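Hi,

Here is the structure I promised to pass on.

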Amino acid sequence: LALSTKLFSTARPPDELGNDAAPNSHVSPFDAAMPGALPRLCEEAVPAAARVGLALAADVAPIVAFDRKHYTYYDLPHGFQITQ
């Protein structure tokens, strides 16, 4: 999907060839695991994903929910693993 931001981040994705910016320049506070940073769903991804599902004649659920579960892992940059 061609989106203006990453799926769970406010950072702009790099171009398709990956040569439009320096490494690590498309990073938001959530990507960098800053304390208190929360994911933000890219709103344009939801209808785009639904259109892809309908085009593939798949069943598209009318309601979708994300549950955040935190598991403490001290060796991860976030300090915890996020299961979504």
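Let me start with Leu-41, which is partly exposed at a relative accessible area of 31%. On the scale used here, buried means under 20% relative accessible area, exposed means over 50%, and partly exposed is what falls in between (1.4 Å probe, protein chains only). Leu-41 sits in the segment before H1. Together with Leu-7, Val-46, Val-64 and Phe-66, Leu-41 makes a nonpolar surface patch of about 440 Å². To join such a patch, a residue needs over 30% relative accessible area and no salt bridge; nonpolar side chains (Val, Leu, Ile, Met, Phe, Trp, Tyr) are joined within 5 Å, and like charges within 9 Å. The areas come from the Shrake-Rupley method with a 1.4 Å probe, and for residues only the protein chains shown count as cover.

Some ground rules before the rest. This is a predicted model, so to speak of a local feature I need pLDDT of at least 70, and side-chain atom pairs count only at pLDDT 80 or more, while totals for chains, interfaces and linings use all residues. Numbering runs from 1 along each chain as its sequence is written, and side-chain values use heavy atoms, with hydrogens and water left out.

On confidence: pLDDT is the predictor's own confidence in each residue, on a scale from 0 to 100. The protein has a mean pLDDT of 78, with 74% of its residues at 70 or more. Helix H1 (residues 45-55) has the highest confidence, at a mean of 92, and strand S2 (residues 80-83) the lowest, at 58.

The overall layout is quick to describe. The protein has 1 helix and 2 strands, in the order α-β-β along the sequence. These are DSSP runs numbered from the N terminus: helices are H or I with at least four residues, strands E with at least two. Of the 84 residues, 13% are buried. The protein exposes about 6,600 Å², and carbon and sulfur atoms supply 59% of that. Taking contact as heavy atoms within 4.5 Å, 38% of the contacts between residues at least 6 apart in sequence join residues at least 24 apart.

How many salt bridges are there? The count is 1, with a side-chain nitrogen of Lys or Arg required within 4 Å of a carboxyl oxygen of Asp or Glu. The pair is Asp-31 and Lys-6, whose closest N and O atoms are 3.5 Å apart. Both residues are in the segment before H1, 25 residues apart, and the pair links distant parts of the chain. Asp-31 is partly exposed at 31%, and Lys-6 is partly exposed at 28%. As a reminder, side chains of opposite charge can pair when their charged atoms come close.

Which residue does the side chain of Ser-9 meet in a polar contact of 2.9 Å? It is Ser-28, side chain to side chain. A polar contact here is a pair of N or O atoms within 3.5 Å; within protein, one must be able to donate a hydrogen and the other to accept it, and residues adjacent in sequence count only if both atoms are side-chain atoms. Ser-9 is buried at 3% relative accessibility, and Ser-28 is buried at 6%. Leaving out neighbours within four places in sequence, Ser-9 is in contact with Ser-28, Asp-31 and Arg-40. With those neighbours left out again, Ser-28 is in contact with Ser-9, Thr-10 and Ala-11.

Pro-13 is another one to look at in the segment before H1. Pro-13 is partly exposed, at 24%. Not counting residues up to four places away in sequence, Pro-13 touches Leu-3, Ser-4, Thr-5, Lys-6 and His-26. The C-alpha atoms of Pro-13 and Ala-2 are separated by 9.3 Å, with the two residues 11 apart along the chain.

Last, a backbone point. Ala-57 has a positive phi, near 55°, and is not a glycine. Most residues other than glycine have a negative phi. Ala-57 is in the loop between H1 and strand S1 (69-72), and is exposed, with a relative accessible area of 70%.

Cheers
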